[in-house]
Amino acid sequence: MYQKFYSTVAAEAKGSDVRRLLKYATMENFISFAGGLPSKDAFPMDSIERATQKAIDLYGYQNFQYGATEGVPALRQEIVKIMADREITVADDELLITTGSQQALDICAKAFIDKGDYIICESPTYLAAINAFKAYQPNFLDAPMDDEGIIPEAVEDYLKNYKVKFMYIIPDFQNPTGRSLSQERRKQLVAIANQYDVLIIEDSPYAELSYDGKPEKPLKAYDTEDRVIYLSTFSKIVCPGLRLGWVAAPAKLTEKIALLKQATDLHTNQFSQYVVATYLQDNDINAQIDHIRDIYRVKRDAMLRAIETYFPKEVYYSKPTGGMFIWAELPEHIETRPLSDEALEYRIGFVPGDAFYPNGGFYNGMRINFSNASIEEIETGIKRLGDLIKTKL
């Protein structure tokens with residue numbers, strides 16, 4: 001009865017594949033490789049407990065009062081230091097604290113997309129970004145990738161033929177493929193953005209999760225004309241439940257984005273901000289990141305070994321040097337969406353690859369997460385999934 005009342009956006013809204021699969025996570029003997037969930041062993045529980053009490057002692061009622069849309073100064077000051085470690089110089093008025101980086105994606109979409117606008121993204125790209133952008137009804141121009149990331153020549157071809165608002169790029173250990181953009185291509189993309197007068201939204205949740213060496217410099221580190229809007233989050237390096245992310249952009253853009261955030265939630269949770277600020281003041285975030293790397297490196301290696309052992313040889317799979325995901329491509333006749341439904345009977349969850357293509361297509365891919373499951377679950381789950389795939393050959 002409510003259909004006639006829905007807006008076009010609401011009527012066309014679809015649930016996330018990851019959210020759809022989360023409900024199965026509580027099933028007995030169910031092993032999920034679907035969501036990009038951090039390991040519970042990566043959460044600094046004791047340090048957060050101490051930071052919580054100290055935040056209450058230090059900031060008192062301010063933890064629970066309304067606050068500035070831009071975020072609490074103490075946390076923004078700590079983010080300035082984190083950004084400096086990433087070779088990005090940013091001023092306090094160029095930062096906006098968000099409710100996770102998902103809100104940052106939504107607010108950027110609200111700020112820049114009118115119905116029918118063209119935006120460029122990687123092919124494939126992050127499914128939650130697709131959902132955030134799609135609500136504002138753009139046209140997606142999905143540019144192909146290879147092992148060095150998005151191909152600049154394909155980007156430039158689009159820019160020659162369409163009036164594009166922005167490029168959306170995940171340069172480090174990309175979700176879903178695990179690929180990283182080469183240093184030379186980072187420079188090329190910024191130069192192309194300058195030449196064609198277009199913005200870049202750089203989504204960087206995984207940069208610190210590098211297991212085989214230091215990641216490349218961010219796109220924003222090469223930004224000479226204030227074109228790069230940088231998004232990041234504490235979800236992967238502290239914990240996701242506190243729902244804290246940030247936008248770093250030129251002050252004029254940050255001011256406009258903050259106005260749009262006000263209409264959404266006034267400001268991000270004050271208490272979470274003070275807790276994380278206190279945590280960062282009293283703890284070495286780089287030591288925490290090293291701890292996370294050590295956990296995930298072992299899990300990644302375990303999953304790669306299991307795939308090598310149990311998947312049929314006809315399956316291609318990535319060998320990421322960081323991040324949380326392995327991308328697999330099955331023989332073309334095997335569609336992974338119906339396979340994902342069948343996998344539930346095997347008590348296995350993964351995300352079918354077509355979810356990461358805004359214009360559809362590519363039905364034989366899958367994204368597999370290695371950060372959340374235990375080593376034993378990785379071994380068992382990959383064997384089950386390999387056995388299922390073999391039945392389809």
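I started with Glu78 and Lys81, whose side chains meet in a salt bridge at 3.2 Å, N to O. The term covers a side-chain nitrogen of Lys or Arg within 4 Å of a carboxyl oxygen of Asp or Glu. Glu78 and Lys81 are three residues apart in helix H4, so about one helical turn separates them. Helices (H or I, at least four residues) and strands (E, at least two) are DSSP runs, numbered from the N terminus. Glu78 is buried, at a relative accessible area of 10%. I use buried for under 20% relative accessible area, exposed for over 50% and partly exposed for in between (1.4 Å probe, protein chains only).

A note on the source: this is a predicted model, in which local features need pLDDT of at least 70 and side-chain atom pairs count only at pLDDT 80 or more, while totals for chains, interfaces and linings use all residues. Residues are numbered from 1 along each chain as its sequence is written, and side-chain values use heavy atoms, with hydrogens and water left out.

I then looked up Arg86 and Glu208, which form a salt bridge at 2.4 Å, N to O. This pair links distant parts of the chain, 122 residues apart: Arg86 sits in the loop between H4 and S2, and Glu208 in the loop between S7 and strand S8 (228-233). Both Arg86 and Glu208 are buried.

Next came Asp114 and Lys165, with a salt bridge at 4.0 Å, N to O. Lys165 is partly exposed, at 32% relative accessibility. The count of salt bridges by this rule is 24.

Glu87 is linked with Lys214 and Lys217 in a network of salt bridges. I also found that phi of Glu87 is near 65°, a positive value in a residue other than glycine. Glu87 lies in the loop between helix H4 (73-85) and strand S2 (95-98), and its relative accessibility of 39% makes it partly exposed.

Asp197 also has a positive phi, about 55°, although it is not a glycine. I placed Asp197 in the loop between H8 and strand S7 (199-203). At 57% relative accessibility, Asp197 is exposed.

Which peptide bonds did I note as cis? The bond from Ser123 to Pro124 is cis, with omega near 10°. Pro124 is in the loop between strand S3 (118-123) and helix H6 (127-134). The bond joining Asn175 and Pro176 is also cis, with omega about 25°. Pro176 is in the loop between strand S6 (164-169) and helix H8 (183-196).

I turned to the domains. The chain is divided into domain 1 (3-44 + 287-390) and domain 2 (65-282); the bounds come from an automatic or database domain assignment. The C-alpha centres of the two domains lie 24 Å apart. Domain 1 puts 35 residues into the contact and domain 2 puts in 33 residues, where contact means heavy atoms within 4.5 Å.

Where does the largest nonpolar core lie? This core has 64 residues, and Phe133 and Ile382 have the most contacts inside it. A nonpolar core is a set of buried Ala, Val, Leu, Ile, Met, Phe, Trp, Tyr and Cys residues joined through side-chain atoms within 4.5 Å. Helix H11 (residues 285-310) gives the most to this core, nine residues. Domain 1 and domain 2 both give residues to this core, so it lies between them. I listed the contacts of Ile382, leaving out residues up to four places away in sequence: Phe33, Met303, Ala306, Ile307, Tyr310, Phe311, Ile368 and Glu377. A second, separate core has 31 residues, including Ala55, Val72, Tyr230 and Ile289.

My last entry is the surface. Met1, Tyr2 and Tyr6 form a nonpolar patch there, with about 420 Å² of accessible area together. Patches are made of residues with over 30% relative accessible area and no salt bridge: like charges are joined within 9 Å, nonpolar side chains (Val, Leu, Ile, Met, Phe, Trp, Tyr) within 5 Å. Accessible areas come from the Shrake-Rupley method with a 1.4 Å probe, and for residues only the protein chains shown count as cover. Tyr6 is in the segment before helix H1 (8-12) and is partly exposed, at a relative accessible area of 44%.
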